[in-house]
Amino acid sequence: MQQSKPRVFSGIQPTGNIHLGNYLGAVKNWVDSQDSYENIFCVVNSHAITIPQDPKILHQKTYDLCAMLLACGINPQKSTLFIQSTIQEHTSLAWLLTCITPMGDLSRMTQFKDKSQKNPKNIFAGLFNYPNLMSADILLYKSNFVPVGEDQKQHIELARDTAMRFNRDFGETFVVPEPLILKEGARIMGLDDPSKKMSKSSSDKPNHSIALIDAPEVIVKKFKKATTDSEGIIAFDKKRAGVYNLLNIYQCFTKESQEAIEAEFFGLGYGKLKERVAEVVVEGLRPIRESYEKLINQKDYLHKILEEGEKCAREIATATYKEAKEKMGLV
Ligand code: AMP
Ligand code: TRP
């Protein structure tokens, strides 16, 4: 494939419900910058099984998430969209990378520490090795940039180290990728507890996250219950995490400057702030939800896009894997 623009690769897991943090930290940026890059986006279902999943639900959620990404504005004319497990080179390359990654590097990964602490009885080797699969996803496509939320920065640093190590030991093969992390939206916090990032694994808590498929009245209700503080001043002050998070969400949708937003809310109370934030979120998500409801019933269309995406991704993936495998001396 002829590559004229820098290449972007990113992935999202088909677990839980895609939420406002995923959208503002990752997917919205993928959509907004589609014209500037050659884009490859992947629903990373093989990552999802590093934590035990119900097979039927995982299967369904994989397709639901593909439909949701299209609803969010991923344009198949401009971007390749495919499902990770349909291209076996991801797991094959992950094995090669596993063989050159020190255990010490993997045990420093904060996501591994967090996830294994949350579920100490169910820690499998796949969870430990997960960053190598992520490195394989990125390196397989010789990606220049990886747009993600703040929580993935450490994994991308590992992918960079791995690419450099491979290139040094076996000859120039991989592009050393760079993370693309936008300031606003990079870390959206839980509405119930703004000291913790909004996450799919806490979505059982009713007021923790906003799902992209939440109905308007549900969104309004959740923002009303959002945790703030007792100071009563509306300002971008990181020390007051609840109010900061609400303002940050507001800014992601309105694109206004912090000064303009603070001026707009000057003298108003938290009730008004929550109402206005809910309003911009409801309006911002409305077209996504409506489009999702249509797409979810267009199974043939969805499968056609995924098949085309797979074909396009496979062409690059097989070539890179062959190159890496041969350089390591595998027959
Ligand atoms: P995941 O749901 O773990 O597959 O994450 C998909 C993308 O969403 C990744 O780029 C994450 O960095 C990003 N992301 C997840 N949670 C948040 C959050 N609370 N704030 C910002 N970005 C997030
Ligand atoms: N690990 C990422 C997450 O949990 C998802 C992911 C898998 C990814 N492979 C990737 C993101 C490659 C960017 C590039 O959010």
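Me: What classes of residue make up the lining of the largest cavity?

Reply: In this predicted model, the lining of the largest cavity divides by class into 3 nonpolar, 2 polar and 3 charged residues. The residues concerned are Leu 24, Lys 28, Asn 29, Leu 182, Glu 184, Gly 185, Cys 252 and Lys 255.

Me: Why does Gly 185, which lines the largest cavity, count as polar?

Reply: Gly is placed among the polar residues by the classification used, and therefore Gly 185 of that lining is counted as polar.

Me: Which helix supplies the largest share of that lining?

Reply: Helix H1, residues 20-32, gives the largest share of the lining of the largest cavity, with 3 residues.

Me: Why is this space called a cavity?

Reply: The name applies because a 1.4 Å probe fits at its points but cannot get out, whereas a pocket is an open set. The search of the whole structure finds 3 cavities of 30 Å³ or more, and the largest has a volume of about 70 Å³.

Me: How do you know that Tyr 130 belongs to the lining of the second largest cavity?

Reply: A lining residue must have an atom within 4 Å of a cavity point, and Tyr 130 is listed in this lining together with Met 109, Gln 111, Phe 112, Lys 115, Leu 127, Pro 131 and His 155. The second largest cavity holds about 40 Å³ of space, and helices H6 (110-118) and H7 each supply at least two residues of its lining. By class, that lining has 5 nonpolar, 2 polar and 1 charged residues.

Me: What makes the approach of Tyr 130 to ligand 2 a polar contact?

Reply: A polar side-chain atom of Tyr 130 lies 2.5 Å from a nitrogen atom of ligand 2, and because the cut-off for a pair of N or O atoms is 3.5 Å, the pair qualifies as a polar contact. Asp 137 also qualifies, because an N or O atom in its side chain is 2.7 Å from a nitrogen atom of the ligand. For Gln 13, a polar side-chain atom lies 3.0 Å from an oxygen atom of ligand 2, therefore within that limit. The protein covers 91% of the 360 Å² of accessible area that ligand 2 has on its own.

Me: Which element gives the most to the shell around ligand 2?

Reply: H7 gives the most, with 4 residues, and this helix, residues 125-140, and strand S1, residues 7-12, each supply at least two. The shell residues divide into 7 nonpolar, 5 polar and 1 charged.

How values were computed. Residues numbered from 1 in each chain as written. Chains lettered and ligands numbered in written order. Predicted model: local features only at pLDDT ≥ 70, side-chain atom pairs only at ≥ 80, totals over all residues. Heavy atoms only, no water. Polar contact = N/O pair within 3.5 Å; in protein donor to acceptor, adjacent residues only side chain to side chain. Areas by Shrake-Rupley, 256 points an atom, 1.4 Å probe, with all protein chains shown as cover. 1 Å grid on protein atoms, 1.4 Å probe; cavity = no way out; pocket = protein on both sides within 12 Å on 5 of 7 lines; lining within 4 Å. Points joined across faces, edges and corners; volume = space filled by probe spheres on them.
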